[in-house]
Amino acid sequence: MALLLCQAKGDTAGSCLKTLSPNPGGVDLLPPEVCSLLNPAAIYANNEISLRDVEVYGFDYDYTLAQYADTLHPEIFSAARDILIEHYKYPEGIRKYDYNPSFAIRGLHYDIQKSLLMKIDAFHYVQLGTAYRGLQPVPDEEVIDLYGGTQHIPLYQMSGFYGKGPSIKQFMDIFSLPEMALLSCVVDHFLGHGLEFDQAHLYKDVTDAIRDVHVKGLMYQWIERDMEKYILRGDETFAVLSRLVAHGKQLFLITNSPFSFVDKGMRHMVGADWRQLFDVVIVQADKPSFFTDRRKYGPGRGDGPRERGLASACRPVCLGWGHPLADGQAFQPTLGLSENLMRRAHCIGTVSPAWKRARSIGRKWLPGPAIGPLCAVLSSSVKEGNLFDFLRLTEWRGPRVLYFGDHLYSDLADLMLRHGWRTGAIIPELEREIRIINTEQYMHSLTWQQALTGLLERMQTYQDAESRQVLATWMKERQELRCITKALFNAQFGSIFRTFHNPTYFSRRLVRFSDLYMASLSCLLNYRVDFTFYPRRTPLQHEAPLWMDQLCTGCMKTPFLGDMAHIR
């Protein structure tokens, strides 16, 4: 309407376009009550789910039941850096690098052959301005040239189902933050000193060094020495578990971490009797293989005890209130279980390495008080049992099971796609991102961008010289705003959920593999145990009757094909 009035007065199209520029202050574009609408403690739904229908709750341990402080990341970084220098004989100069917590974000991709860390959107396009080699940004022109004149990464080059492709890997878990930082620092050192290196070997050495920190138990030792420092929200974890049990829900735990570590952490958060809350506890599960592999041993892979020469060294483990078995020794727990609780319990790897119902070994239990269900534990030597056995024994199937984890691939993907469980993703970064979204600076910037986008689309029909100059100015201004908005989240890579207007590849997987997502497990405390989550109907492009940019610019007519009738 403003454009028509302007032209009726005889002004040129270019001068009319100038009058339509959005107010950079944003004061008249956004009501003040719009800010701070999102709650960081809320649970967000990708799919409709009623907690009334959920009878069984499952959990991962690390970054799900146990939330860790960010102070853990510098420890992992420094230990892996020192391993590279002392064991892999990398240059001593690498020791000058310290962990930078604000460098990388979760969900980035790494092209191993090009030593390129980058952010990719849901359509497989690299977000320009977010490609780094070492600690230095790679110019957009070089990125496009590296991929054959396009920003698009073909499907065959992309990471596979579990984030590991032939040449490109996606960093999906929170522990990968120090890994990305170390990888970038090492590459930066080699490039800065003109040292030749093999990209694939460097990548493998760094990932192996990070793995050594976990395998050698260094991270477990740090956390166990100072749980007050590293473990967050332990009391809230206890509150969530206690509340679920009080409402008659069954609980289980499946984690890749060792039992001793989990036991100490749960004792810190919940108390010495934490196992009373769980019907089944499985540790060292070797996810995601635990969810997909039906085989007890992997033929030809050297996974079985005989193949690895461990026939006499294997000690199948069954931990209830008892101890690991010695070879040929019958299981003798220190305390007994009631017959009722034993019916609910399941054991992995007793004397013969197989899953058995607890009642089948009931005669081996000594008399004792009824103190809680049996905890099932996978031996680190015997990779026995899998989710298919678990389902057969427990009969916990389909949508009455809700499992929470932080890793979209290892924890959630198979459970949703193969087994029909409901899934909840724990995304700690969500809390910080929502707080940024609630700021006035972000809301004004986004609204202004939307207004400019609408104007650019509608007014591109004007092709006189003055109009083209105004449109070019708007285009530049829009790009500057996008960069400013990106930097609010992370100066190098922006938000983990957005690549400018498109969702990230991470977001795409989040929507596909999770029914619910939240910043922490404690968000459950804000909802009744029979609450139903309803995802909002997000309009598709052809469904929206009115977009924000139309409200801001007064261009209500949509579609505006009438203005372009002359093209035909």
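**How helix H3 packs**

Tutor: Helix H3 and helix H7 make a right-handed crossing, and since this is a predicted model, we shall read the crossing as a property of the model.

Student: How should I describe two helices that pack together, and at what angle do H3 and H7 cross?

Tutor: Packed helices are described by two quantities, the angle between their axes and the distance between those axes. Here the axes of H3, residues 72–86, and H7, residues 218–225, come within 10 Å and cross at roughly 145 degrees.

Student: Which residues of H3 and H7 meet?

Tutor: On the H3 side they are Leu-72, Glu-75, Ile-76 and Ala-79, which meet Leu-218, Met-219, Trp-222 and Ile-223 of H7. Of the residues in this contact, seven are nonpolar, one is charged and none is polar.

Student: Why are H3 and H6 called oblique to each other?

Tutor: Their packing angle is about 120 degrees, with the axes 8 Å apart; roughly perpendicular covers 65 to 115 degrees and roughly antiparallel begins over 145, so the pair counts as oblique. This crossing is right-handed, and in it Ile-76, Ala-79, Ala-80, Ile-83 and Leu-84 of H3 meet residues of H6, including Asp-205, Val-206 and Ala-209. The contact of H3 with H6 divides into nine nonpolar residues, two charged and no polar.

Student: What do the buried residues of H3 pack against?

Tutor: An α-helix has 3.6 residues a turn, so residues three or four places apart point the same way. In H3 the buried residues include Leu-72, Ile-76, Ala-80 and Leu-84, and the buried residues of this helix pack against strand S4 and helices H5, H6, H7 and H8.

Conventions:
Residues numbered from 1 in each chain as written. Predicted model: local features only at pLDDT ≥ 70, side-chain atom pairs only at ≥ 80, totals over all residues. Heavy atoms only, no water. Axes fitted to C-alpha atoms, helices over the stretch in contact; angles between N-to-C directions. Helix = DSSP H or I, 4+ residues; strand = E, 2+ residues; numbered from the N terminus. Left-handed = near helix turned anticlockwise from the far one by under 90°. Contact = heavy atoms within 4.5 Å. Nonpolar A, V, L, I, M, F, W, Y, C, P; charged D, E, K, R; others polar. Buried < 20%, exposed > 50% of the residue type's maximum accessible area, 1.4 Å probe, protein only. Parallel < 35°, antiparallel > 145°, perpendicular 65-115°, else oblique.
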